[in-house]
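Here's a quick tour of the protein on your screen.

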Amino acid sequence: MNAICSLDDVPDGGGLEAAPSVLVLRRGGEAWAYRNVCPHFSIPLNYEPDAFWTYEGGLLMCAHHSAMFRFEDGVCVDGPCLGASLRRIPIRIENGVVLVAEDVLTSDARR
Ligand code: FES
């Protein structure tokens, strides 16, 4: 496993692109990671580096057409790709550090 950030690097209720195309979302002591690729048009969810729009510590909004995704499972609950999901990346949190498998950092983000 490889360290990509500390939990404290991720804003509580927000997101951080902790590695290329690896988006980490955090709520308190919980975190989830997804490919930073919107299932609507297969483009990044943000316009600017690390500018992720979130609501009430539980929903991530794509900057392009406002699809809304739940932090905990990446499912789109509103917007043009309703029912589609972000691609989950398994993580482990140890001593406040977010870890991912090595192949996550070397594989093509769009596959
Ligand atoms: S590209 Fe994300 S909602 Fe259209």
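Two residues count as in contact if their C-beta atoms, placed from the backbone, lie within 7 Å. On that basis, residues 24 or more positions apart account for 44% of the contacts in the protein with a separation of 6 or more.

A couple of ground rules. This is a predicted model, in which local features need pLDDT of at least 70 and side-chain atom pairs count only at pLDDT 80 or more, while totals for chains, interfaces and linings use all residues. Residues are numbered from 1 along each chain as its sequence is written.

**Overall picture**

The protein has 1 helix and 11 strands; helices (H or I, at least four residues) and strands (E, at least two) are DSSP runs, numbered from the N terminus. Along the sequence the pattern is β-β-β-β-β-β-β-β-β-β-β-α. The radius of gyration is 13 Å, close to the 13 Å that the globule rule gives for 111 residues, so the protein is as compact as a globular protein of that length. (That radius is taken over C-alpha atoms, and the rule is 2.2 Å times the number of residues to the power 0.38.) Along the principal axes, the C-alpha atoms fill a box of roughly 35 × 30 × 25 Å.

An unreviewed UniProt entry annotates residues 2-100 as "domain: Rieske"; such annotations may be inferred rather than shown by experiment. The end C-alpha atoms of that span lie 5 Å apart, and the span is 0% helix and 43% strand.

Strands pair if DSSP finds at least two bridges between them. Two of these pairings, both hairpins, look like this:

| Pair | Bridges | Residues between the strands | Positive phi |
|---|---|---|---|
| β2 (residues 15-19) and β3 | 4 bridges | 2 residues | Ser 21, near 65 degrees |
| β3 and β4 (residues 30-35) | 6 bridges | 2 residues | Gly 28, near 60 degrees |

For individual partners, Glu 17 bridges to Leu 23 in β3. Over in β4, Trp 32 stands opposite Leu 25, and Arg 35 is the bridge partner of Val 22.

How buried is β3? In this strand (residues 22-27), 5 of the 6 residues are buried, so β3 is largely enclosed by the rest of the structure. Buried means 20 or more other C-beta atoms within 10 Å of the residue's own, with C-beta atoms placed from the backbone; exposed is 12 or fewer, and partly exposed lies in between. Across the protein, 32% of the 111 residues are buried.
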